[in-house]
Amino acid sequence: MTVEADAGRLKGEADEPGWEVDPDDEWGVAVIATVGRQLKLRREAVGMRAAEFGAAVGYGEDLVYKIEGGKRIPRQEYLDRADEVLGAGGLIAATWEDVQRVRYPKKVRALREMEARAVELQLYDPLNIHGLLQTAEYAHGLLLMRRPAYTQDEVERFTSARMARKAVFERDPAPELSFVLEEWTLRRPLGGRAALRCQLEHLLELGRLRNVELQVMPMDREEHAGVDGGIEVLKFADGSGVGRSPVVANGRPVSEPRQLRILELRYGIIRAQALTPRESSAFIEQLLGET
């Protein structure tokens with residue numbers, strides 16, 4: 001990252017939203033504090049003041065102090081540039097491997113770890129297009145609508161975290177992914193019609209993957225087994241699984257076989273009531289033409 005010469009100023013907090021450290025995340029706090037301490041020690045070892053170092057990497061002095069004090073999560077570009085300026089021979093840049101493990105909220109990290117291990121995912125969200133299917137623009141617009149409102153930092157961080165979870169589509173071997181989407185979530189132009197068009201195009205692209213099945217639940221259905229809320233079921237290679245739904249264990253994750261069977265039964269009925277994957281793709285294409 002370099003100094004914005006044409007703008008005549010260094011990057012500060014307003015330019016780098018979404019990277020605050022969660023004080024309740026003990027592991028994350030420890031990792032970021034350690035990285036910040038190493039940055040400070042190396043800067044002092046070469047005799048550079050914070051303002052001088054900030055100018056060299058393209059950041060304001062206040063942000064340098066926050067990163068070194070463990071109050072701010074550094075981006076990869078910052079660490080790479082710091083490594084060059086301080087002549088660390090790759091040691092500072094290598095800390096990105098640790099930083100990226102804790103840069104997202106703790107709950108999101110736990111969910112992402114489970115998704116990374118799952119060999120099969122069954123997902124139904126009655127309120128929104130599922131997070132794993134969202135484009136960055138759609139997710140950003142959706143998070144801006146939450147009330148009470150998220151801070152700008154939270155919106156940026158949660159959007160980034162949601163996009164990181166999409167790595168599940170790039171795994172090899174690929175897991176089996178099944179989604180049921182409500183028709184109304186595909187019609188409401190949250191974030192604007194341009195964002196909705198991009199979102200519909202993205203769904204069609206994902207639906208072409210061999211390991212992904214997208215099904216649409218039409219609004220004109222007279223029977224619907226999903227009226228009690230969303231369903232998430234993740235199955236693992238050892239035969240175990242974990243599921244979640246608002247009507248089972250008050251929405252807490254469950255792994256007990258009897259409770260998982262209830263969730264799988266409901267999900268199976270919902271799938272049977274929805275359009276087939278082929279019909280759903282044609283339906284989404286129709287909606288795209290109308291948008």
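Analyst: This is a predicted model. Its largest nonpolar core has 31 residues. Leu 133, Phe 169, Phe 179, Leu 186 and Leu 203 have the most contacts inside that core.

User: Why is this called a nonpolar core?

Analyst: Because the term covers buried residues of set types, Leu and Phe included, joined through side-chain atoms within 4.5 Å. The 31 residues form such a set.

User: Which elements give two or more residues to this core?

Analyst: S1, helix H7 (136-144), strand S2 (176-182), helix H10 (193-207), S3, S4 and helix H12 (277-290). H10 gives the most, with five residues.

User: What is Phe 169 in contact with, leaving aside its neighbours within four places in sequence?

Analyst: Leu 132, Leu 133, Leu 177, Phe 179, Leu 206, Leu 209 and Val 212. Contact requires heavy atoms within 4.5 Å. There is also a second, separate core, with 23 residues. Among them are Ala 50, Ile 73, Ile 92 and Trp 96.

User: How do you know that strand S1 and strand S4 pair?

Analyst: Pairing takes at least two bridges. S1 (residues 118-125) and S4 (residues 231-236) have six, in the antiparallel sense, so they qualify as paired.

User: What makes S3 and S5 edge strands?

Analyst: The open sheet has five strands, in the order S3-S2-S1-S4-S5, with mixed pairing. S3 (212-217) and S5 (241-244) each have a single partner strand, so one side of each lacks a neighbour in the sheet. The twist averages 5° from one strand to the next.

Methods
Residues numbered from 1 in each chain as written. Predicted model: local features only at pLDDT ≥ 70, side-chain atom pairs only at ≥ 80, totals over all residues. Heavy atoms only, no water. Helix = DSSP H or I, 4+ residues; strand = E, 2+ residues; numbered from the N terminus. Axes fitted to C-alpha atoms, helices over the stretch in contact; angles between N-to-C directions. Buried < 20%, exposed > 50% of the residue type's maximum accessible area, 1.4 Å probe, protein only.
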